[in-house]
Amino acid sequence: MTKTVPDFIYDSLPSRVVFGAGCLDRLPEEIDRLGATRALVLSTPEQHKEGCAIRDRLGSRGVGLFDKALMHVPIEIAEQAREQAKALGADCCVAVGGGSTTGLAKAIALVSTLPILAIPTTYAGSEMTPIWGITEAGVKKTGRDPRVLPKTVLYDPTLTITMPPLLSATSGMNSIAHCVEALYSKDANPIISLIAEEGIRALAAGLPVVVKEPANLEARSNALYGAWLGGMSLGAVGMALHHKLCHTLGGTFNLPHAETHTVVLPHATAYTASASPEAMSRISRALGGKSAATSAAQGLFNLAASLGAPMSLAALGLKASDLDKAAELAVQNPYYNPRPITKEGIRALLQDAFEGKRPVA
Ligand code: NAD
């Protein structure tokens, strides 16, 4: 007997994706395809060399490099970059790097409508979303705007080989978190669920090899492919408890983005499990579900541990005395989650994450 198709709404986002080892060679023609002739390249200070290499590849189409991208896009940096784009008469931005650099390109596009060509070098997935974030006076404002969705994305796995094993592990778990929450999103739909499940499968296959053999191109391709699917999931449907908790912990206690996602994900999944059995079986299946008794939450915990990732909020520098405040903040504004949010429940979840306890099946 076939399963009943549920009612759903599916919005597809318009972007062009070019995927494959060596696809960076297509950069000049992809810029031409956008109708652009004056590209401003963006990078972090740490990826200055990569930024220069991209600018050089662009030849006369590259008019400058702004190499001050920073985590969470401080408004001061965004304004400097906007001014430079204007002063150079740039007609597109090329962002080479992780979520921080893509985020800076989005801050420019938000006020200028300059098209973005993104060249992701982590698994954050920002390049597939219309979500922007800018930090002003210590507060990160976020929003959705179709203007900030990159028009073209070049996924070249060779550029991810330099990503250190720890960043690869945590950035990959961050991407898996996008897939996990897409599966029980309030906007969940059959298309995105296929994409999300496949994303978990590809990342779970690639990451264990990536952390042991960072130059293994096949594993890098698998992980980057999964990250693309994770980004699509994040861009297409709303997230839930896990993302809210990570946003609170990152914003208020200044915890590192990808590491926080890695630590919290198994515990947020355990919290939600009873309310989303279908999503949980898809997650277990995608993780390779070695035994039926391995729950989705345990599978995520086992994967993160096998990657050598930090496993507790304590290891990330949170103090036990911060947990009450974190729980309070996390329940302040109501938001969607399949299992209703209670302060006691969240406080217990945070305690487990703080201690890095293995979730119970
Ligand atoms: P990141 O962009 O801050 O990069 C971390 C560090 O790694 C930087 O120094 C960077 O230069 C370096 N790096 C990146 N790629 C490298 C590589 N291949 N080799 C060596 N070093 C490399 O980290 P991230 O985790 O990619 O992004 C996190 C940020 O992205 C957060 O601010 C988060 O909020 C945002 N984000 C936004 C969205 C969205 O949809 N708007 C989605 C995901 C993440």
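This is a predicted model: local features need pLDDT of at least 70, side-chain atom pairs count only at pLDDT 80 or more; totals for chains, interfaces and linings use all residues.
**How helix α5 meets its neighbours**

Now look at how the two helices lie. Helix α5 covers residues 165-183 and α6 covers residues 190-212, and their axes are 9 Å apart at an angle of about 160 degrees. Angles over 145 degrees count as roughly antiparallel, so that is the word for α5 and α6. Their crossing is left-handed.

Next, follow α5 to another partner, helix α9, which spans residues 257-272. Here the axes come within 8 Å and cross at roughly 45 degrees, and α5 and α9 are therefore oblique to each other. This crossing, too, is left-handed. From α5, Thr-170, Ser-171, Met-173, Asn-174, Ile-176, Ala-177 and Val-180 take part, meeting His-257, Ala-258, Glu-259, His-261, Thr-262, Leu-265 and Thr-269 of α9. The residues of this contact divide into 6 nonpolar, 7 polar and 1 charged.

Finally, step back to the whole protein. It is divided into domain 1, residues 16-160, and domain 2, residues 165-355. The centres of the two domains, taken over C-alpha atoms, are 26 Å apart. Where the domains touch, 20 residues of domain 1 contact 24 residues of domain 2. About 1800 Å² is buried between them, with carbon and sulfur atoms giving 68% of that area.

Conventions. Residues are numbered from 1 along each chain as its sequence is written. Side-chain values use heavy atoms; hydrogens and water are left out. Axes are lines fitted to C-alpha atoms, for helices over the stretch in contact, and angles run from 0 to 180 degrees between N-to-C directions. Helices (H or I, at least four residues) and strands (E, at least two) are DSSP runs, numbered from the N terminus. Angles under 35 degrees count as roughly parallel, over 145 as roughly antiparallel, 65 to 115 as roughly perpendicular and the rest as oblique. A crossing is left-handed if the near helix is turned anticlockwise from the far one by less than a right angle, and right-handed if clockwise. Domain bounds come from an automatic or database domain assignment. Contact means heavy atoms within 4.5 Å. Buried area is the accessible area (1.4 Å probe) that two parts lose on being put together, summed over both. Ala, Val, Leu, Ile, Met, Phe, Trp, Tyr, Cys and Pro count as nonpolar, Asp, Glu, Lys and Arg as charged, and the others, Gly among them, as polar.
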